[in-house]
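Biologist: Please show me the model, and then I will ask about its side chains.

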Amino acid sequence: CVDGWLGNSLFAKTIAGREGGAPPPIDLRIEKAHGQFVRKQIAAGQIKAAHDISDGGLLVAISEMALSGNLGADINLPDSDTVLGWAFGEDQARYLVQVEDAAKFQTLLDENNLQGHQIGTTTDSQILTAGPDVTISIEEIRQSNESKLPDMMA
């Protein structure tokens, strides 16, 4: 989904300064199908790591996975006017997965009539890049993440 749902998102609250808004639409059938597929592929060893795309959207999920795995990533931003929705949308039934074989995983998605898109690749660089103008180190993300609570308590 390139558009992304920003209605009642952290992006809307934090960046746009907008409170409220409609939550993303929910289709329980799709939510169940995606969840079951991800669970099955984890059990089969096809998925190395997975994260739901919820609070903060895709880029927050990527950052959290990068911190957890101590890996970097090269992210391919879509060529779209709705890149903010793609990056920060909090749509339902979306998962970020790390796989060993992207082509094989795409075949599994196709066989199960599910949509999925390769959005990038993981790296050992401990740096996240998203296009030519966005680069941040895992250490910068870790420092920001770990300083939040002490800063609030000060």
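Biologist: Which helix does leucine 149 lie in?

Modeller: This is a predicted model, in which local features need pLDDT of at least 70, side-chain atom pairs count only at pLDDT 80 or more, and totals for chains, interfaces and linings use all residues. Residues are numbered from 1 along each chain as its sequence is written, and side-chain values use heavy atoms, with hydrogens and water left out. Helices are DSSP runs (H or I, at least four residues) and strands likewise (E, at least two), numbered from the N terminus. On that numbering, leucine 149 lies in helix 6.

Biologist: Is leucine 149 buried or exposed?

Modeller: Buried means under 20% relative accessible area, exposed over 50%, and partly exposed in between (1.4 Å probe, protein chains only). Leucine 149 has a relative accessible area of 54%, so leucine 149 is exposed.

Biologist: Which residues touch the most other members of the largest nonpolar core?

Modeller: A nonpolar core is a set of buried Ala, Val, Leu, Ile, Met, Phe, Trp, Tyr and Cys residues joined through side-chain atoms within 4.5 Å. In soluble globular proteins, nonpolar side chains tend to be buried together. The largest core here has 17 residues, and those touching the most other members are Leu58, Ile62, Leu96 and Leu128.

Biologist: Which element gives the largest share of this core?

Modeller: Elements giving two or more residues to the core include strand 2 (72-75), helix 4 (83-88) and helix 3 (58-69). The largest share is 6 residues, and the element that gives it is helix 3.

Biologist: Which residues does isoleucine 62 touch?

Modeller: Contact means heavy atoms within 4.5 Å. Leaving out residues up to four places away in sequence, isoleucine 62 touches Ile75, Leu96, Ile119 and Leu128.

Biologist: How many residues apart in sequence are the parts that lysine 48 and glutamate 100 tie together?

Modeller: These two form a salt bridge, with the closest N and O atoms 3.2 Å apart; the term covers a side-chain nitrogen of Lys or Arg within 4 Å of a carboxyl oxygen of Asp or Glu. Lysine 48 lies in strand 1 (residues 47-52) and glutamate 100 in the loop between strand 3 (95-99) and helix 5 (102-111), so the parts tied together are apart in sequence by 52 residues.

Biologist: Where do arginine 142 and glutamate 139 both lie?

Modeller: Their side chains meet in a salt bridge (3.7 Å, N to O). The two are 3 residues apart, about one turn of the helix, and both lie in helix 6.

Biologist: How many salt bridges does a search of the whole structure find?

Modeller: Another pair is arginine 29 with aspartate 27, the closest N and O atoms being 4.0 Å apart. For the whole structure, the number of salt bridges found is 4.
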